[in-house]
Amino acid sequence: MKAQHERFDNTQLRNENEKLQAENIRYKEALANANCPNCGGPAAIGEMSFDEQQLRIENARLQEEIDRISGIAAKYVGKPMLSYPDASSQGPSRSLDLPVPSFSPQQGMVGEMFGTNDLLRSMAGPTEAEKPIIIELAVTAMEELVRMAQVCEPLWVPTSNNSHEILSEDEYMRSFPRGIGPKLMGLKSEASRESMVVIMNHMTLVEILMDVNQWSNVFCGIVSRAMTLEVLSTGVAGNYNGALQVMTAEYQIPSPLVPTRENYFVRYCKQHGDGTWAVVDVSLDNMRSSSSRCRRRPSGCLIQELPNGYSKVTWIEHVEVDNGPVHDIYKVLVNSGLAFAAKRWVATLDRQSERLASAMASNIPAGDVGVIMSPEGRKSMLKLAERMVLSFCSGIGASTAHTWTTLSGSGGDDVRVMTRKSVDDPGRPSGIVLSAATSFWLPVQPKQVFNFLRDENSRSEWDILSNCGHVEEIAHIANGRDPGNCVSLLRVNSANSSQSNMLILQESSTDFTGSYVIYAPVDIGAMNIALNGGDPDYVALLPSGFAILPDGPGHYEGGVLVGGTGGSLLTIAFQILVDSVPTSKLSLRSVATQWGFYKWCEGKGKNILAGDNFSVIFRNRWKKSRTNLNDHSFRNFQGLSRFGY
């Protein structure tokens, strides 16, 4: 029996071997008759492997793409810029010299929380007649950006206090006669430049800027929404050198009282020597509308590689804008040009590079304390905090995706309220979610406000979630140079023994342009899973928090840059589950008659209406207390928000 089995196995193996030999002969014959993909003639393959053959074909295609892009640049550079065309009056369109791959629109994560009145999604990509002019404009904009990043006086003039640089408009028009034309009537010019060394590899930074999802997430405090309409070129040799993208974006500051700035623009990326890259944006708004409220002249950044994974970034912001609709309390900050300035972009980038470096740590740094027992649990907590921040930033501004209802109160305090449905989203509770936000001025330095709000020892003075109980920090992750830059897990030990304790996830973040304190109550069981390295995407979050901005341009005190005139612009925003049934309808009239924010009833998952508008309470109490202010009074101020107490 054993001999019979062996003979049978040998027969099977011989048959299989004959099949493989026949298949091998067929492959050799096919390769011998292969044609060259470039010239159509016989291919000299010889002993070349199949993988090597595919690489040679891909290299030939990429070299062809390089030649096409170089030809376009050579053809357009040195010629005067064409005026913006009227698409309706164009003659026959000429073919574009760039390969145009099929590309479906993408939208960044920020802004997806609220999907109504989405004006950006209705924007169409460029026509064939517009594409040659877009390419010509991008090449000219790249030249302008690089020169503006490298040239100093007389183009850039420092202010008297050396806090920032001012662009000489006369010198600018003399230096750059080509471009998008003269300034439009009724628009105000804002131009700024800022340089900084960040903890980020230069190619990582290029990838972030050229990926709409990464870009909108990294700059979520500035970019409320972004979308790529069409890719005119993907770049060459596996990187973004020569990449061209037509995009739309909305830019915000964290307040519902300041309208967003919308732009339709082209983004162009180019390598300038070893380790030096530039990414430029230039507005295409005049192609679609002659009455644009914001026009973006060549803006972007020059990136230079430094040793040890660092990069030097020189950022240029140059826009023309109508600031008329801005609320009075923000006009000083916005009209100074610093609300959307280059300083804010590089500060955000520096802060996010710190967060990224912290998230990539493979061990638990010495500065981390508390209940985090493993690197996996640490990463899960940081990932959860990142999602919380993105959700908060998506619902705090005046994006056109949001439908705000204004509830006007006494003393000029307006509360903006909106609702949305949350269905089949494991990251948020299912049901009707109400978002409320308001902004007001405080005569206190932003740093003092930030330190007061992030301190767990003073939390019981303003947070209804603490329910007058003792708040204890049970986990702490430092993710920045400033001690205030951290992610914390707080436990509220209720003063009422009949109520169970609760957990609050909080991230506090600060730089010299603004600060955030963002928090959300979290389920204890779900948080324990995340701390043990589980998937944090299934931890439901409804974040609330504070955005703190200086009330004007900065100045130096004792060699330290201090924001504004000494006061703070404080925005408070809440996201609260109103009804667990997504099909329910919420009457905003009932919200107005009750006049206040919804507050979370601890341990029950329900919400009841507060008895008063806490911002009015705060301002009235502050006015009564401000005459007795001293350097330490703010920390001891009782009742930042009693939410109906």
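Reply: The answer begins with the pocket and then turns to its surroundings. The model is a predicted one, in which local features need pLDDT of at least 70 and side-chain atom pairs count only at pLDDT 80 or more, while totals for chains, interfaces and linings use all residues. Residues are numbered from 1 along each chain as its sequence is written, and side-chain values use heavy atoms, with hydrogens and water left out.

The second largest pocket holds about 440 Å³ of space. On a 1 Å grid over the protein atoms alone, a pocket is an open set of points with protein on both sides within 12 Å along at least five of seven lines, whereas a cavity is a set where a 1.4 Å probe fits but cannot get out; lining residues have an atom within 4 Å of a point. Points are joined across faces, edges and corners, and a volume is the space filled by probe spheres set on them.

Of the 20 residues that line the second largest pocket, Gln-352, Arg-355, Leu-356, Ala-359 and Glu-386 lie nearest its centre. Four helices, H5 (202-210), H6 (212-218), H8 (342-359) and H9 (375-394), each supply at least two lining residues (helices are DSSP runs of H or I with at least four residues, strands are runs of E with at least two, both numbered from the N terminus). H9 gives the most to this lining, with 6 residues. By class, the lining of the second largest pocket has 10 nonpolar, 5 polar and 5 charged residues (Ala, Val, Leu, Ile, Met, Phe, Trp, Tyr, Cys and Pro count as nonpolar; Asp, Glu, Lys and Arg as charged; the others, Gly among them, as polar).

The structure holds 10 cavities of 30 Å³ or more, and the largest cavity contains about 320 Å³ of space. It has 23 lining residues, with Gly-221, Thr-348, Ser-509, Asp-511 and Tyr-516 nearest its centre. Two or more lining residues come from each of H8, H9, strand S18 (502-511), strand S19 (514-522) and strand S20 (544-550). Here H8 gives the most, with 5 residues. The lining of the largest cavity divides into 11 nonpolar, 7 polar and 5 charged residues.

A nonpolar core is a set of buried Ala, Val, Leu, Ile, Met, Phe, Trp, Tyr and Cys residues joined through side-chain atoms within 4.5 Å, and buried means under 20% relative accessible area, found with a 1.4 Å probe on protein chains only. Among the 42 residues of the largest core, Leu-209, Trp-215, Phe-219, Tyr-251, Trp-315 and Tyr-330 touch the most other members. H5 supplies the largest share of this core, 5 residues. Apart from it lies another core of 33 residues, including Met-142, Ala-149, Tyr-268 and Leu-302. In soluble globular proteins, nonpolar side chains tend to be buried together.

Leaving aside neighbours within four places in sequence, Tyr-330 has contacts that include Ile-253, Val-258, Ser-439, Leu-549 and Thr-571, a contact being heavy atoms within 4.5 Å. For the whole chain, 52% of the 645 residues count as buried, and the chain has 14 helices and 25 strands.

Terms used: Buried < 20%, exposed > 50% of the residue type's maximum accessible area, 1.4 Å probe, protein only.
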